[in-house]
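This report describes the fold, the packing and selected local features of one protein model. The sequence and structure are shown first.

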Amino acid sequence: MSLREELGGGAPRGFRIAFPPGWRHYSVDDRGQAAMLRDVSERSKAAGRPDLDAALRRKVKDQFAALRRTRGVAMYLPGEEASTESGMPMSVVASRWHTEGGRAFEEDVRQRAGVEVLRIEMPHGTVLRWVQERDAESTREGVLTRTVSYVYPEPGEEPRRGMLLTAGILHQGTEVTEPATAGMVELADAIVETFRWS
């Protein structure tokens, strides 16, 4: 591996992933940010809440800045036509994963995840998966975030890089809503199973 690749300058492999109808793809670049800003403004106007437009636009810009810092390459969100009956928001973010400290790929993932990581052998390769439950301070009171993370190593015997897919699901954290939350996790699993390197 060259020093440039080691430092993250090499071009990442491409990938394909399939989403249900109505999901929208935003690349983590100026074009993707502009598209999301347009969509946010349209939704604010359609909801009769132009007062929310400025705050939502600030949030989008902050989110894209954070994604750029964390090697994000794409964000996927259900459009209004893809809204689930449960009404629980869900998003999926794709980010590049680079190993740190000279560790082997799986060791690096397990150490950085900080929770139990499952190794799943799929017909098209290995995926490392873990789940975390977090308070969502930036959302309405009582709303939690269940984050399901998946890392696919790049093909090869000793990969140093991979793709991290993070599904974030907002939920109420009650017995009544848990079946719907579990259903959203199953949806995330089904989406991520379609991942393929290209």
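## Aromatic pairs

The model is a predicted one. Across the whole structure, a search identifies six aromatic pairs. One of them joins Phe195 and Trp197 in an edge-to-face arrangement, with the ring centres 5.1 Å apart and the planes at 85 degrees to each other. Both Phe195 and Trp197 are buried.

## Overall fold

The protein chain contains five helices and nine strands. Their order along the sequence is α-β-β-α-α-β-β-α-β-β-β-β-α-β.

Of the 198 residues in the protein chain, 41% are buried.

In soluble globular proteins, nonpolar side chains tend to be buried together. The largest nonpolar core of this model has 25 residues, of which Phe15, Tyr76, Met90, Ala94, Met163 and Leu165 touch the most other members. At least two residues of this core come from each of strand S3, strand S4 (90-98), strand S7 (144-153), strand S8 (161-171) and helix H5 (178-192). Helix H5 makes the largest contribution, with five residues. Another core lies apart from this one; it has 11 residues, including Tyr26, Val28, Ala35 and Val40.

The surroundings of Tyr76 can be listed individually. When neighbours within four places in sequence are left aside, Tyr76 is in contact with Phe15, Ile17, Phe19, Trp23, Arg24, His25, Ser91, Val92 and Ala94. Phe15 and Ala94 are also named among the core residues that touch the most other members.

## Helix H5

Helix H5 consists of 15 residues and extends 21 Å from its first C-alpha to its last, close to the 21 Å expected at 1.5 Å a residue. Its buried residues are Thr181, Met184, Val185, Ala188, Ile191 and Val192. These residues lie on the same side of H5, because they cover an arc of only 120 degrees around the axis. An α-helix has 3.6 residues a turn, so residues three or four places apart point the same way.

The buried residues of H5 are covered by elements that include strand S2 (23-27), S4, strand S6 (125-135), S7 and S8. On the other side of the helix, Pro179 and Glu186 are exposed.

## Helix H4

In helix H4 (residues 105-113), the buried residues are Phe105, Asp108, Val109 and Ala113. Viewed down the axis of H4, they fall within an arc of 120 degrees and therefore line one face of the helix. Their cover includes S4, S6, S7 and S8.

Gly114 follows H4 and has a positive phi, near 80 degrees.

## Gln33 in helix H2

Gln33 is located in helix H2 (residues 30-46). Is this residue, Gln33, buried or exposed? Gln33 counts as buried because its relative accessibility is 15%, below the limit of 20%. With residues up to four places away in sequence not counted, Gln33 touches Ser27, Val60, Lys61, Phe64 and Arg68.

## The loop between H3 and S3

Arg71 lies in the loop between helix H3 (53-69) and strand S3 (72-78). The phi of Arg71 is near 65 degrees, which is a positive value in a residue other than glycine. Arg71 has a relative accessible area of 33% and is therefore partly exposed.

Thr70 is placed in the loop between H3 and S3 as well. With a relative accessible area of 48%, Thr70 is also partly exposed. Thr70 and Arg96 are separated by 26 residues in sequence, and the distance between their C-alpha atoms is 8.1 Å.

Technical notes:
Residues numbered from 1 in each chain as written. Predicted model: local features only at pLDDT ≥ 70, side-chain atom pairs only at ≥ 80, totals over all residues. Heavy atoms only, no water. Helix = DSSP H or I, 4+ residues; strand = E, 2+ residues; numbered from the N terminus. Buried < 20%, exposed > 50% of the residue type's maximum accessible area, 1.4 Å probe, protein only. Phe/Tyr/Trp six-rings, centres within 6.5 Å; stacked < 30°, edge-to-face > 60°. Core = buried A, V, L, I, M, F, W, Y, C linked by side-chain atoms within 4.5 Å. Contact = heavy atoms within 4.5 Å. Expected span 1.5 Å × (residues − 1). Arc of directions from axis to C-beta.
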